[in-house]
Amino acid sequence: MNPPILERDPSDPQKQKKEGVNPLLKLVLELGPLMVFFFANARGEWLTQKFPALAEFGGPIFVATGLFMAATAIALIVSWLLTRTLPIMPMVSGVVVLVFGALTLYLQDDIFIKMKPTIVNTLFGGVLLGGLFFGKSLLGYVFDSAFNLDAEGWRKLTFRWGLFFLFLALVNEVVWRNFSTDAWVTFKVWGIMPITLLFTFSQMPLILRHSLEDKTEKAEKAGE
């Protein structure tokens with residue numbers, strides 16, 4: 001049987017066996033395009049001097065958008081070559097990047113690329129919360145390789161992340177509508193990342209309470 005194009009369900013025993021990716025490489029594939037976007041926006045004029053063809057895109061934000069699209073596509077291709085599957089959330093984000101990036105370049109209007117985080121985060125938040133409505137804790141697609149939680153733990157974590165994604169969408173709207181493009185790019189890279197890390201670490205007590213590995217160890221010790 002041919003392997004699925006999209007990553008397997010977290011409960012599929014074949015997922016861990018066939019879809020594992022080095023965590024550091026996975027981080028590079030997910031954050032690499034964002035760093036390319038930040039660097040290209042900050043050094044757009046220098047890049048167009050070194051590579052005159054990039055001047056066809058327009059100003060720095062448009063050069064950054066074009067390179068962001070290319071880096072996103074490359075990251076998805078590399079992920080496919082390594083695992084023969086496509087990670088669902090990066091793929092959704094990538095599709096939105098390509099669509100809104102193309103609109104940004106075609107219309108020479110940076111509003112579209114600024115709206116991308118709003119669209120993606122609203123979509124993710126809606127999907128996670130909507131999945132809970134139908135009894136599905138979809139966050140397992142993202143964190144199942146890192147955590148082994150019971151059903152209640154996944155439900156609670158999925159609910160919290162769903163609300164957090166909606167919060168990020170709201171923050172993006174406030175920033176891009178009230179600050180300069182450079183300020184928005186800087187906040188997108190150096191503001192959203194620390195906020196996300198702080199939120200992630202704040203969930204560790206919940207994760208530890210519902211970790212199946214911890215419960216197994218405690219049961220084993222109790223049986224000794």
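User: What share of the contacts between residues at least 6 apart in sequence join residues at least 24 apart in this protein chain?
Analyst: That share is 69%. Keep in mind that this is a predicted model.

User: How much of the protein chain counts as buried?
Analyst: Of the 224 residues, 39% do. As for the accessible surface, about 12900 Å² in total, 68% of that belongs to carbon and sulfur atoms.

User: Which elements have the lowest and the highest mean pLDDT?
Analyst: Helix H1 (residues 13-18) has the lowest, at 46, and helix H8 (residues 151-178) the highest, at 93. The chain averages 81, with 81% of the residues scoring at least 70. Over residues 9-19 pLDDT stays under 50, and the model has 21 contacts beyond four places in sequence for that stretch.

User: Why is Lys116 called buried?
Analyst: The cut-off for buried is under 20% relative accessible area. Lys116 comes in at 8% relative accessibility, so it counts as buried. This lysine is found in helix H6 (residues 111-133). Leaving out residues up to four places away in sequence, Lys116 touches Phe68, Ser93, Val96, Val97, Phe100 and Lys188.

User: And what about Gln203, why does that one count as buried?
Analyst: Same test: under 20% is buried, and Gln203 has 5% relative accessibility, so it counts as buried. Gln203 lies in the loop between H10 and helix H11 (204-209). Its contacts, not counting residues up to four places away in sequence, are with Leu157 and Arg160.

User: How do you know that the buried residues of H10 line one face of the helix?
Analyst: The buried ones in helix H10 (residues 192-202) are Ile192, Thr196 and Phe199. Looking down the axis of H10, they fall within an arc of 65°, so they line one face. Leu198 and Phe201, on the other side of H10, are exposed. The cover over the buried residues of H10 includes H8 and helix H9 (181-190).

User: What puts the buried residues of H9 on the same side?
Analyst: In H9 the buried residues are Thr181, Trp184, Val185, Lys188 and Val189. They cover an arc of only 125° around the axis, and that puts them on the same side of H9.

User: What makes Phe133 and Phe134 an edge-to-face pair?
Analyst: Two rings pair if their centres lie within 6.5 Å, and planes over 60 degrees apart count as edge-to-face. The count of aromatic pairs by this rule comes to 11. For Phe133 and Phe134 the values are 5.2 Å centre to centre and 90° between the planes, an edge-to-face pair. Phe133 and Phe134 are both exposed.

User: Which residues do ring pairs link into a cluster?
Analyst: Phe124, Trp161, Phe164, Phe165, Phe167 and Phe199. Phe199 also turned up among the buried residues of H10.

User: Which residues does the UniProt annotation "transmembrane region" cover?
Analyst: The unreviewed UniProt entry gives 20-40, 61-82, 88-107, 119-139, 159-175 and 187-208. In the model, residues 61-82 are 100% helix and 0% strand, with end C-alpha atoms 31 Å apart. Residues 119-139 are 71% helix and 0% strand, with end C-alpha atoms 18 Å apart.

Technical notes. Residues are numbered from 1 along each chain as its sequence is written. This is a predicted model: local features need pLDDT of at least 70, side-chain atom pairs count only at pLDDT 80 or more; totals for chains, interfaces and linings use all residues. Side-chain values use heavy atoms; hydrogens and water are left out. Buried means under 20% relative accessible area, exposed over 50%, partly exposed in between (1.4 Å probe, protein chains only). Contact means heavy atoms within 4.5 Å. Accessible areas come from the Shrake-Rupley method with a 1.4 Å probe; for residues, only the protein chains shown count as cover. pLDDT is the predictor's confidence in each residue, from 0 to 100. Helices (H or I, at least four residues) and strands (E, at least two) are DSSP runs, numbered from the N terminus. The arc is that of the directions from the helix axis to the C-beta atoms. UniProt positions are given in the numbering used here, feature names are shortened, and annotations may be inferred rather than shown by experiment. Rings of Phe, Tyr and Trp (its six-membered ring) pair if their centres lie within 6.5 Å; planes under 30 degrees apart count as stacked, over 60 as edge-to-face and the rest as tilted.
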